[in-house]
Amino acid sequence: MRIFDEHIIRKTRCLDGLWALSVPGKGEFKMPVPGVWETNINLSNYRGKGTYTKDIIVPETSNIRLVFDGVSHTADVFFDGTFVKHHYNAFTPFDTILKNIPAGEHKITVEVDNSFSEASALHKSNDYYSYGGITRPASFEIVPDVYIKNVRFTPFFKNGNWGANITVTLENLSDYALFRNLKIRIADFTLCENNITVDGGSIKQIDFEKEFDNIIPWSDKNPNLYYLNAELYDGDVAVDDLIDRVGFRSIEVKNSKIYINGEAVFLKGFNRHEDYAELGCAIPLQLMANDIWLMLDMGANAVRTCHYPNDTRFIDLCDENGIFVWEENHARGLNIYDMQNPNFESQCKDCIDEMLDAHYNHPSIVIWGILNECASEIPEARGMYERQFKQLRTLDKSRPLTFASCKYFDDLCLDLPDVVSYNLYYGWYYDDDVEERLEKHLEFISTHGGNDKPLILSEFGGAAMYGFRDVSRRKWSEERQCDILDRCLDVYMNCDAIVGTFIWQFADCRVTEEGEWFMTRANMRNNKGIVDMYRHPKLSYETVKRHYKNKK
Ligand code: ADA
């Protein structure tokens, strides 16, 4: 489920492969997992419920941890016919622990639903597609009575030295107190805590603070990573482990700039949806890597995971390749009525909790975002922005926060984030001059709470149909897309107040047929990609490359 082994001691089994899928009124299928059911011709437009089943063999009587990295978008999980877990949101991982499962054959059933209703406040008809299926890897693990639930790594730089706060969470699944020894290995160092008492049925956190010598920090230019290996012992016997990959780097926001390891950075970024032609959001590792190589080839150093948390393997690749990541919770273009859906706040809260649980340790993530283009101009929505920022600040004090606004001269929330971000489509939705309008936006931002904050141009661009070439450079042609990006990049990358540009968007993506999207999205796709859905470069590939490669 990662691009390295998370466990050497804990036994794990991959659940990827063929699962049986039963869809009412459509039939019985053998579906690949990970995968979207839209890849099957009978289901290419299907929105509704489907039941996945798979038989597994549990090798020894033990506690089982079932892990799903992504089920789109609602999952009800059953084990041997008994309901064990409900989860909403395609884009966050979830797990469930089943105690004392006898050795032998067992059945996992996942009822998957990708339909739109009030029950789903975040997945709705939108400018990207909500696919159906078990779309990211799945696995089961055999966990001992006391197991390592989580490890959090927070690097710091103090008195000329790198150090880290490390918090390990243990859970005792049994009914009685147990004693364990914990060993942490990182770089050439070992940290130990012995005789830890974990009471029956409880969770215990163990904190370490340590400074290290000779650390090579993580940066975009040298993305140096360390394995963080947590091992749990019963006496001398190793019973469990959890391995993660971490990096030492600092992030600071001051004087309207973002500093990484003490150096001001300019984020040369792309917005990227998880979507690839017929494969939908279930993108295999090779193609994720290919996306990163294309972005690097264009000179980019940053990506925004619009508009939801991404597959952990993609973030692993960003760690590996020195790409700065803006990761955000799941919400796109929700108006105040959408935000007043009774499920909205709890679904956003769960999404933030799960995003942080899954991705807190990634050095590449340098910004958390919330609520893309939601109702930040409406007084009733402000409290929701405040609550989400408060939740994030409680969970992570080390990273700056932002939200991408399209409320321009009406925004009421610019004082809340650490970084102000604007989505501006000059040249596409509005034809006024980019530079003139930017001046007005800067004036508004500085007088409405955004003064002294760094500004990111979080979206800009225009659509082009791959292959539509036109000497008169009309809208939708590849030439016109070049013109729009050329002008925007020229202005935004040379403006002192701006610390990052995220082009909309990296690749064309599918949109939902419900709602009004078919009227403005030719081929049922958002066509503002610099590459098309198969990653064929449009003319603008070279335009972007010229700008991004030229800026240090
Ligand atoms: C918005 C939105 C994107 C996309 C884009 C567009 O700013 O955040 O998801 O819809 O506009 O293509 O219009």
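Trainee: Where is the place of Pro 34?

Mentor: Pro 34 lies in the loop between β3 (27–33) and β4 (49–58); strands here are DSSP runs (E, at least two residues) and helices likewise (H or I, at least four), numbered from the N terminus. This is a predicted model, in which local features need pLDDT of at least 70, side-chain atom pairs count only at pLDDT 80 or more, and totals for chains, interfaces and linings use all residues. Residues are numbered from 1 along each chain as its sequence is written, and side-chain values use heavy atoms, with hydrogens and water left out.

Trainee: Which residues does a cis peptide bond join?

Mentor: Most residues other than glycine have a negative phi, and most peptide bonds are trans. In this model, a cis bond joins Val 33 and Pro 34, with omega about 0°. Another cis bond joins Trp 504 and Gln 505, again with omega about 0°. Gln 505 belongs to the loop between β30 (498–503) and β31 (509–510).

Trainee: Which residue other than glycine has a positive phi?

Mentor: Asn 159 has a phi near 50°, a positive value. Asn 159 sits in the loop between β13 (146–158) and β14 (161–172).

Trainee: How is the packing of two helices to be read?

Mentor: Two packed helices are described by the angle between their axes and the distance between the axes. Helix α6 (residues 434–447) packs against helix α7 (residues 478–492) at about 45°, with the axes 10 Å apart. The axes are lines fitted to C-alpha atoms over the stretch in contact, and angles run from 0 to 180 degrees between N-to-C directions. α6 and α7 are therefore oblique to each other, since angles under 35 degrees count as roughly parallel, over 145 as roughly antiparallel, 65 to 115 as roughly perpendicular and the rest as oblique.

Trainee: At what angle do α7 and helix α9 pack?

Mentor: α7 and α9 (residues 540–550) pack at about 10°, with their axes 9 Å apart. They are therefore roughly parallel to each other.

Trainee: How many residues surround the ligand?

Mentor: The ligand is surrounded by 13 residues, each having a heavy atom within 4 Å of it. The closest are Asp 127, Glu 373, Tyr 429, Glu 459 and Lys 528.

Trainee: Which polar side-chain atoms lie by an oxygen atom of the ligand?

Mentor: A polar contact is a pair of N or O atoms within 3.5 Å. A polar side-chain atom of Glu 373 lies 2.4 Å from a ligand oxygen, and one of Lys 528 lies 2.6 Å from a ligand oxygen.

Notes:
Polar contact = N/O pair within 3.5 Å; in protein donor to acceptor, adjacent residues only side chain to side chain.
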